[in-house]
Protein chains: 6
Amino acid sequence: MNRIELIDSIKRFLDEDGPGGDLTSEAIFNAHQMGKARFIAKESFIGAGLQMVAGEVFHLCNPAVRCSGVEDGTEIKPNDVIFTADGPVLDLLLAERVALNLVQRMSGIATLTRRFVDRVTPLPVKIVDTRKTTPGLRMLEKYAVRVGGGFNHRFTLSDGILIKDNHIAACGSIEKAVGRVRKQAPHTLKIEVEAETMEQVEECLAAGVDIIMLDNMSPELMRLAVRLVNGKALLEASGGINLENVRTAAETGVNLISIGALTHSAPACDISMELETA
Amino acid sequence: MNRIELIDSIKRFLDEDGPGGDLTSEAIFNAHQMGKARFIAKESFIGAGLQMVAGEVFHLCNPAVRCSGVEDGTEIKPNDVIFTADGPVLDLLLAERVALNLVQRMSGIATLTRRFVDRVTPLPVKIVDTRKTTPGLRMLEKYAVRVGGGFNHRFTLSDGILIKDNHIAACGSIEKAVGRVRKQAPHTLKIEVEAETMEQVEECLAAGVDIIMLDNMSPELMRLAVRLVNGKALLEASGGINLENVRTAAETGVNLISIGALTHSAPACDISMELETA
Amino acid sequence: MNRIELIDSIKRFLDEDGPGGDLTSEAIFNAHQMGKARFIAKESFIGAGLQMVAGEVFHLCNPAVRCSGVEDGTEIKPNDVIFTADGPVLDLLLAERVALNLVQRMSGIATLTRRFVDRVTPLPVKIVDTRKTTPGLRMLEKYAVRVGGGFNHRFTLSDGILIKDNHIAACGSIEKAVGRVRKQAPHTLKIEVEAETMEQVEECLAAGVDIIMLDNMSPELMRLAVRLVNGKALLEASGGINLENVRTAAETGVNLISIGALTHSAPACDISMELETA
Amino acid sequence: MNRIELIDSIKRFLDEDGPGGDLTSEAIFNAHQMGKARFIAKESFIGAGLQMVAGEVFHLCNPAVRCSGVEDGTEIKPNDVIFTADGPVLDLLLAERVALNLVQRMSGIATLTRRFVDRVTPLPVKIVDTRKTTPGLRMLEKYAVRVGGGFNHRFTLSDGILIKDNHIAACGSIEKAVGRVRKQAPHTLKIEVEAETMEQVEECLAAGVDIIMLDNMSPELMRLAVRLVNGKALLEASGGINLENVRTAAETGVNLISIGALTHSAPACDISMELETA
Amino acid sequence: MNRIELIDSIKRFLDEDGPGGDLTSEAIFNAHQMGKARFIAKESFIGAGLQMVAGEVFHLCNPAVRCSGVEDGTEIKPNDVIFTADGPVLDLLLAERVALNLVQRMSGIATLTRRFVDRVTPLPVKIVDTRKTTPGLRMLEKYAVRVGGGFNHRFTLSDGILIKDNHIAACGSIEKAVGRVRKQAPHTLKIEVEAETMEQVEECLAAGVDIIMLDNMSPELMRLAVRLVNGKALLEASGGINLENVRTAAETGVNLISIGALTHSAPACDISMELETA
Amino acid sequence: MNRIELIDSIKRFLDEDGPGGDLTSEAIFNAHQMGKARFIAKESFIGAGLQMVAGEVFHLCNPAVRCSGVEDGTEIKPNDVIFTADGPVLDLLLAERVALNLVQRMSGIATLTRRFVDRVTPLPVKIVDTRKTTPGLRMLEKYAVRVGGGFNHRFTLSDGILIKDNHIAACGSIEKAVGRVRKQAPHTLKIEVEAETMEQVEECLAAGVDIIMLDNMSPELMRLAVRLVNGKALLEASGGINLENVRTAAETGVNLISIGALTHSAPACDISMELETA
């Protein structure tokens, strides 16, 4: 996690939520009133962001606030106290909403990822994310996937090679597309190609690609591909995979299963803040 | 919508997704290759952000791209073409993911809002949002709520007064809390107070507050509150309201129903981009 | 006050005043030379910004500088020492001009506000500011108004409703304008309408507006409006009010008097910095 | 004037005034409603900023707005139309307050400067400003001084040398202070020294300084200094100079008169915007 | 190349060079004076940045300036006109130094890269760069390497895996280090390991790494490594390679040769700007 | 040195080098693993930036890292330990490349400057830099020149006057160009004019300029100019001066010698980082 970028983002989020301070609280509390805030879990989930992220939100409101949160990956049960912050009440209330909005989302992603991971355990397959993240939150969301036991696919268009149908069509063949990319892309990146048919999987093998993405294939086709490829490339299942069918996909023998929903539609976890004034 | 802020945000989102450009596409397409991108709906929903937001994303990748999108609030059907962009292929591919991520989320919020609104039509009640928005996207998410027929609650801690349990406890009574706020807050803002019991509703009335938030009350209590208040303040139902119970809440006669889920857990709409190269 | 924004602003101001450091002082003092700076009042005024604002300026030049300033709202007399800072001489000299420029302006605004407030005491009327603030300094200037005993009108175009002549003309009537606004604006904001005649005041009442701004009305008309409105809306006197006529305006019974000059043309207070080197 | 920095500043100012847009106007006007705005002078003054600054504010709200303003330095009379802008009403109203706040201040500074210049015409003396500018607005305020016929003193601590009492005291003598500075400062900058007595003026001459600032000297002393220096250095009168005594100061023969009040306490000019909707 | 980031960088560079404009030129030219600028080569080199980079610098000073530059990779001869810009003289002079400083550096890098590439042609080896770039200019410098015919190594610590001596020492063996990385790093990235001895090369092979960096090895050892590895991994020669010994290194059969000096110490090309005023 | 700007720059540089952290090291080290980093000199040079700049880089990665570096201007010998940093290994590795890239460049500039200074010692002449600096690094590079014993020419177009051939041509004569500049430029800046012939030197004298830049003149002409000017202006030799001919130029009696190569093509010093883990 890039701490400098994290701090910059949180500053923007705090400014978004309280550009002119908290009018209500400032009318009621003075700057010296101290208090203790507790984040209480309202359901079961995998905690994410309670230390670094929530802590940084409160810290940025006032460096004097002392925070303590559960470790990333902790299994939380209802009514667990998962984070505490001691300091001026005005700063605790200023941080509340931003911290909750972030932590609820991150924990939601970690929890959903863990559910997928649990379904495929102990098969030798990795659950990976996609670029379908919330704009502005990619670093935090991909971090939450790792907390949940998942793995990250490329972060950006600039740190991974993925040749899709448009690229192939524009070149005329997988072989030509791979050739052009090999001539220009950094040698440090593997080359991944999207395949929709078994013929394309064969073309991929012939072109010596590192990873083949099996796009929306049936379990039968995936199994065929696994046999055909026989370890000469990594195989990534992609498209339409959910908690119901992920085990079946995993059992085909693919190496990776990528799931947009991890970051795209993980429901937020229910957490509330209780405040005790001194 | 603040256009200057919108552009700043989109620049950050584009930088997040392609800090060093699109390595794959740049190896395959040259800068002069033109194309046409189409956003295709994969399900039914209420479109939001197709003109200003998606258009700005493509425009920022290259001011020469020409865009056209459906109006905000349009009812979309599966396979509808809801947005087109003509320009250099490299710029279309650079804009794709950021534009889709934003528009799918905004349309999701508009669609969920519309569903709530439809449930309570034609009762004289407004569906309103909360501050439970995605950090960094509040402006866009609150806009999407309006597109769906909902209304916005306060945007920030600085442009609305909401006296909650902590504030009341710290002052000793609703009367005292309201008194302190009135002494200091801008006269342009209404005063809203959270009430958990009928006694508190009465205290609110006695204190002359403008809006009373009925926190997690049963329909029976809400109905009682409506009768008690009798138009002397706005009544806002809040807490635990979903598509199943929203009609019942609306029928109690409250003026407003606020729902965190509008922005918090609206599922993203399914939209894909098709590309045709010239 | 938003501390994150305050720090960002002061960084910009320091960069504006010393982009490449202080060439003169750096040629004369070394980095280890310590000193003590004192801000000395050269006239009587109400102090504002001596703690948080001046302190932050010196702190940003060097976190090791220790500062102490009088509380906001203190009545200062000539020759009073109102702020001290101990630390490296180079940092004290770097902070000097920015801190003085800010504090002189803020104190000037607090002082002028206090003079208006004193004129109308003990009448039940509030002195309020406007949006005629110095671009970039609104938060600090509105804060200074509060220090002087005044109140803030809306901060921005986004956190208050004010229907003016143009809006009314475009709609055809006050009733229609209010109707359109009510349909769309957040329910948390009061609706204020500008009235130039007694007929318009009546229209406002009929439309149920919350605040009526009496635009450039004579004391006689204001008195008439107070009687007519009779507590059913707040009345705000606006336009052409100065220290000479503010008492007369207040005695008409209006609730609020808004004065652009508070932030627009408050003369800066005379303060100088004395430096003692160790 | 640095156009890139100007645009950055104006963006911040617009964001300060309308972070979430103009709630009132957006409820009343649609995005297609066109109009024409006119800035009308309410008094006599020297216009400043009507072309580049006001124009840029409106342009940033919407690049399609067409603007036209009087040249910098124009003598304005009451009721003159000094600026017009044609475009969407919503954008005209969004730009109004920021543009007026800037232009009223800049014109105020140009006008006050011109009054000082007129008083000393045709004597061979320059009216110059100081670093006592509004934080964040130095570039615009120093520009306005030039529009009024004045000249700029150093912009920052980094582009001019000014040895003051503290520096002299720390070194033991003017000679030593000048010596240290000469060893280190860029050769492109003149060396200016503050002198409070005739002995110090002599020391300055002996040290070969380029400019001597006569700090709070009486006209008699200034005249003496002029005779003593006899063209071997520039002489700058500073401290306590106003419209009443500036002529007397000028007649002593000094080369420059610096006046903090030019930027510090120039009253804003009275300008209002009229809007005509199509 | 990321155009949004490029523009942001150039704005900062222009602000660095002319924060308050060009005092000299503004005293001499008025804003309407038009002219034509020409960049003239003073020596032979490979041109880089003349279109996009130089063009953007002038464009940012004034969008109305029309520019034309030679294509990246063009072989320039002394006295060639490699770039022209038509527009207001003041803007041409404002852009001059920043544009030249960038283009001279980029062309220097492209030229040095080309010299290395020419030395190894037609051997099947790639000349690649490192992270030893000028802070703030990595994107432009890596682009210039590609213009010269070289290839890019990883851009950042976040988009490539390179296991060095410290990492190996901390884990106890190459095998363990590779194991830990494989468990956590994105599957899209190849794994590169630094080897200093033939034993380490063997360990790398055993661990199945994708790329082996031969650190400061003699040509004899490199040849040995090539034979040993026999195509089962890419081999990258690194350390102490210059124009004199690069051919020898290439002839050993390694796949890649990385050279810090490409970006680190490429001498700037000599280019000057001539200005013709209309 | 402007510390606020320094920190902003370093944050950008760190973000450029590790936008998503250090993938390799994060897979191998945990956050608690402590270590000690040492910068080791690989050759002889003048150290620059080891305290403030390198220290700030490590400090920004983690405020808890403790650093110690040699003073600016220290003469370094091969194998000297010139900087140490104690703290978490992950932060040491994150800071490494940015710190080295900056310090190697700054020390290179200081070293080259010192070599020029040594060549002309003890003649009364100053070695000065130019605006031919790396975009984004001017503050640091000009600082390094001072560390090496050189002096700074103007920092920007805004803090010095330099009338060049284009300016003269546009005005018709040096006299007219100087006249125009004198009418408008701040009186705190000296006026420098570029002269290519002895006639122009005479014109400069007649116009009373403060500094005459002798552009690409032979030593004979320079000597002639020194005699002609006879102390009535500073003389700056410029163009084509290198370590071979700088002594000859200095012996002509000019006051200043400006050398673009100081910042433009100083070779970077060879420094490496060694890491010891606890």
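R38(C) is partly exposed, with a relative accessible area of 23%, where partly exposed denotes the range between buried (under 20% relative accessible area) and exposed (over 50%), computed with a 1.4 Å probe on protein chains only. The model is predicted, so local features need pLDDT of at least 70 and side-chain atom pairs count only at pLDDT 80 or more, whereas totals for chains, interfaces and linings use all residues. Residues are numbered from 1 along each chain as its sequence is written, chains are lettered from A and ligands numbered from 1 in the order in which they are written, and side-chain values use heavy atoms, with hydrogens and water left out.

The partner of R38(C) is E276(C), with which R38(C) forms a salt bridge whose closest N and O atoms are 3.0 Å apart; the term requires a side-chain nitrogen of Lys or Arg within 4 Å of a carboxyl oxygen of Asp or Glu. Because R38(C) lies in strand β1 (residues 34-41) of chain C and E276(C) in strand β12 (residues 271-277) of chain C, the pair ties together parts that are 238 residues apart in sequence. Strands (E, at least two residues) and helices (H or I, at least four residues) are DSSP runs, numbered from the N terminus. E276(C) is also partly exposed, with a relative accessible area of 44%.

Other salt bridges cross between chains. Over all chains, a search of the whole structure finds 49 salt bridges. One of them joins the side chains of R138(D) and D17(C), at 2.6 Å from N to O. This pair runs from helix α5 (residues 138-147) of chain D, which holds R138(D), to helix α1 (residues 3-17) of chain C, which holds D17(C). Both R138(D) and D17(C) are buried.

Chains E and F supply a further example. D17(F) and R131(E) form a salt bridge in which the closest N and O atoms are 2.7 Å apart. The pair crosses between chains, with D17(F) in helix α1 (residues 3-17) of chain F and R131(E) in the loop between β6 (126-128) and α5 (138-147) of chain E. D17(F) counts as buried at 2% relative accessibility, and R131(E) is buried with a relative accessible area of 11%.

The interface of chain A and chain B also contains such pairs. R131(A) forms a salt bridge with D17(B), the closest N and O atoms being 2.7 Å apart.

How many residues does each of chain A and chain B bring to the contact? Each chain contributes 54 residues, contact meaning heavy atoms within 4.5 Å. The area buried between chain A and chain B is about 4700 Å², of which carbon and sulfur atoms give 56%; buried area is the accessible area (1.4 Å probe) that two parts lose on being put together, summed over both. I28(A), P135(A) and L157(A) supply 14% of the area that chain A buries against chain B, more than any other three residues.

Across this interface of chain A and chain B, 30 residue pairs are in polar contact, with both residues at pLDDT 80 or more. A polar contact is a pair of N or O atoms within 3.5 Å; within protein, one must be able to donate a hydrogen and the other to accept it, and residues adjacent in sequence count only if both atoms are side-chain atoms. The elements of chain A that each supply at least two residues to the side touching chain B include α1 (3-17), α4 (89-120) and α5 (138-147). Of the elements, α4(A) gives the most to that side, with seven residues. By class, the side of chain A that touches chain B has 24 nonpolar, 17 polar and 13 charged residues; Ala, Val, Leu, Ile, Met, Phe, Trp, Tyr, Cys and Pro count as nonpolar, Asp, Glu, Lys and Arg as charged, and the others, Gly among them, as polar.

Chain B also meets chain E. This contact takes nine residues from chain B and five residues from chain E. Chain B and chain E bury about 600 Å² between them, 45% of it on carbon and sulfur atoms. In chain B, K11(B), D15(B) and P19(B) lose the most area to chain E, together 42% of what that side buries. Between chain B and chain E the count is zero salt bridges, but three residue pairs are in polar contact, both residues at pLDDT 80 or more. Helices α1 (3-17) and α3 (52-61) of chain B each supply at least two residues of the side that touches chain E, and α1(B) gives the most, with three residues.

Two other chain pairs have no contact. Chain A and chain D are not joined by any contact, their closest C-alpha atoms lying 9 Å apart. No contact joins chain B and chain F, whose closest C-alpha atoms lie 9 Å apart.
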